[in-house]
Amino acid sequence: MTLRGLGRGISIGKRCFSSFTEVEKPPMDGKPINLFSAINQALHIALETDPRAYVFGEDVGFGGVFRCTTGLADRFGRNRVFNTPLCEQGIAGFAIGLAAMGNRAIAEIQFADYIYPAFDQIVNEAAKFRYRSGNQFNCGGLTIRSPYGAVGHGGHYHSQSPEAFFCHVPGLKVVIPRSPRQAKGLLLACIRDSNPVVFFEPKWLYRLAVEEVPEHDYMLPLSQAEVIRQGSDITLVGWGAQLSVLEHACDEVAKDGISCELIDLRTLIPWDKETVEASVRKTGRLLVSHEAPVTGGFGAEISASIAERCFLRLEAPVARICGLDTPFPLVYEPFYMPTKNKVLDAIKATVNY
Amino acid sequence: MSAFSAVKSLSTPTITTRSTPSSNPKPSFPFPFPSPASAGAGSLRHSAAIRLNSSSPSPLRAVSSHVLSDEQRVTSPSNHDKALVTRREALDLYEDMALGRSFEDMCAQMYYRGKMFGFVHLYNGQEAVSTGFIRLLQPGDAVVSTYRDHVHALSKGVPARAVMAELFGKTTGCCRGQGGSMHMFSAPHNFLGGFAFIGEGIPVATGAAFSSRYRHEVLKEASPSGGLDVTLAFFGDGTCNNGQFFECLNMAQLWKLPIVFVVENNLWAIGMSHLRATSDPVIWKKGPAFGMPGVPVDGMDVLKVREVAKEAIERARSGEGPTLVECETYRFRGHSLADPDELRKPDEKAHYTARDPILALKKYILEHDLASESELKGIEKKVDDVIEDAVEFADASPFPPRSQLLENVFADPKGFGVGPDGKYRCEDPKFTEGTAQV
């Protein structure tokens, strides 16, 4: 059974969500819902199953600016689902304190662009809590959810992808889903994981991505990449909304006879090196794509690791198709983004190297 | 019903006073938040300012030597001693507020027609604060704003054309189309932005104020204003729960910086009510906690705002240090053009719509014979023409060239945006390829 996505054949801006062929898991029944509804379901289940789970952040009470927290306050009460004042540093620190005392703190940072005041708390406190207390305390119950990524008109401060900053912090996990079904399973796994996790949600997909999502409680494994599509000529690695761009590129380049293997990394740190390595050993070529600026982006880590592990097998340098090294622009967004055409050019250049 | 009526009366804060020859020493009294019928907001010298909508026979007056200037007043014997502003000042205020309102309404139209995009936050209803403060500034004074910055920019003197073109993303905009709605900057007008992030502008304003004091006292540069160049920092009620706000109150008072912190308390931070998000919702009280005066004012009344602003700016200019001014105001529209605005109660909205600052000033002007109805209509027409011209200009302007994308990342363009052959990298035919090195 193939999972269908809304918007097949309709492009909005330069993006469109289309079908993925599931390779790994058996089909599951479910109703077609979009990303924010899937996340909403995950949060409902998380709060249901753990009486010491809390959801808080700016504007979450009425449902949040992206409607991810609809209905939670009414159902679980304002003692468990509440608004915080506008202070990201305070929200993160407060969440760490809650988690350190054994609760599940699910904090929302309204846009990933605003996570920087919280960066200090996350990096210096959350990531190091278990380490420096000698395992007496930990903030494993901490999950920070934040919408990230381009949305077409966001400009400087509503479109950033800060995942690379957090990938550089030992002690933290970073997880990014690509679709509603993945999001629900991954979010529940993150909430229940015994390590602090930063969960970035691709805001472009909140309404656009629609998929059949099972209504029951299920989790997807962390630190396991998923091979979405099998291929033999080149491996493409991405995460989040960028996967739909990569998928389109795969489809188009298939007409020229190039067969692409598409991998969704899902967990950026600790990332699944084995799956990617196995794939590159098969194909001999790698292309990584993400929206964040290319220099110092997470693609650099993947590229370096794979070069170390598969140096003799590689037939071409690892290609990185990423955002440009500029602040996220407003009107130039189409030029800045790693679009399908850029990916196509790179695939061809790599294959013909 | 005004949300502020829920706040209990407070004892008078200990604030420093400044005596001038013309001040009326009055006993201090509590500062409950003003509703139209109650006592007006206080000035720094504990005397109540004129109430715009009042019908009381002998209103207490905030006597200030600046008001009783030797400028000409309209000679109407019965009203001669009642008007707080001269005719010229009143018309300037009216025109500025009308410009702000018309501009924002045009923004909404253009947005729904798809000419501008992104996140746009409109200022309707809050014009009295912008006009009341910024029209008192000298050219050397600086203004730091938030994402709701179009009207602050217009009041500061940035041409409507430049702002509209920036909103459309055109290269003739004040930031060359780079920033959009939330990032208006203008060096010639000392308008330091435009910040999408709440609270980010306050430390920037604090730094600008420090620079002003340093230039004046250490480098001995005289300012044409005759004192220190003042910086105004505008921000909202939600920001007052943010760490940066408190850090800057401390720094500004510690170093006695020429800055005025202006809180535009419109009671809502997107969907979070100020009263439910703040342990002590009375913001101006937080000023004295840091050693600076805190003053509340009715932000729907431009003349009251102006009175308080005058004193605060004078304080800063003469080197006495910062002031925290809390303006009770309201935004008539939602948080942004994408906000359905479902959470605010209709009677709250109706209460504030009835206190529309522009209508109030119009009534004041007509009552005090400062101008005729037809003159005011003439001003409105002039404003409409300016706005239409701005839209036409913005429409006709070109979008920025692609090369502009890579400009201004660093100071040295060759270090980044220009390739070794001297051309912009985006003109490199390999640019669309993943192999183009940036």
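Predicted model: local features only at pLDDT ≥ 70, side-chain atom pairs only at ≥ 80, totals over all residues.
**Briefing on chains A and B**

Residues are numbered from 1 along each chain as its sequence is written, chains are lettered from A and ligands numbered from 1 in the order in which they are written, and side-chain values use heavy atoms, with hydrogens and water left out.

**Chain A as a whole**
- Chain A has 13 helices and 14 strands, where helices (H or I, at least four residues) and strands (E, at least two) are DSSP runs numbered from the N terminus.
- Along the principal axes, the C-alpha atoms of chain A fill a box of roughly 60 × 45 × 45 Å.
- Of the 353 residues of chain A, 64% count as buried, meaning under 20% relative accessible area, with exposed set at over 50% and partly exposed in between (1.4 Å probe, protein chains only).
- When contacts (heavy atoms within 4.5 Å) in chain A are taken between residues at least 6 apart in sequence, 82% of them join residues at least 24 apart.

**The annotated domain in chain A**
- An unreviewed UniProt entry carries the annotation "domain: Transketolase-like pyrimidine-binding" for residues 33–208 of chain A, and such annotations may be inferred rather than shown by experiment.
- The span of residues 33–208 of chain A is 40% helix and 18% strand, and its end C-alpha atoms lie 10 Å apart.

**G152(A) and its surroundings**
- G152(A) sits in the loop between β5 (142–148) and α6 (163–167) of chain A, and its relative accessible area of 33% is why G152(A) counts as partly exposed.
- Leaving aside residues up to four places away in sequence, G152(A) touches W204(A) and E333(A).
- Between G152(A) and G240(A) there are 15 Å in space, C-alpha to C-alpha, and the two are 88 residues apart in sequence.

**Chain B**
- Chain B contains 12 helices and 7 strands, and buried residues make up 57% of its 438 residues.
- Among contacts in chain B between residues at least 6 apart in sequence, those joining residues at least 24 apart account for 72%.
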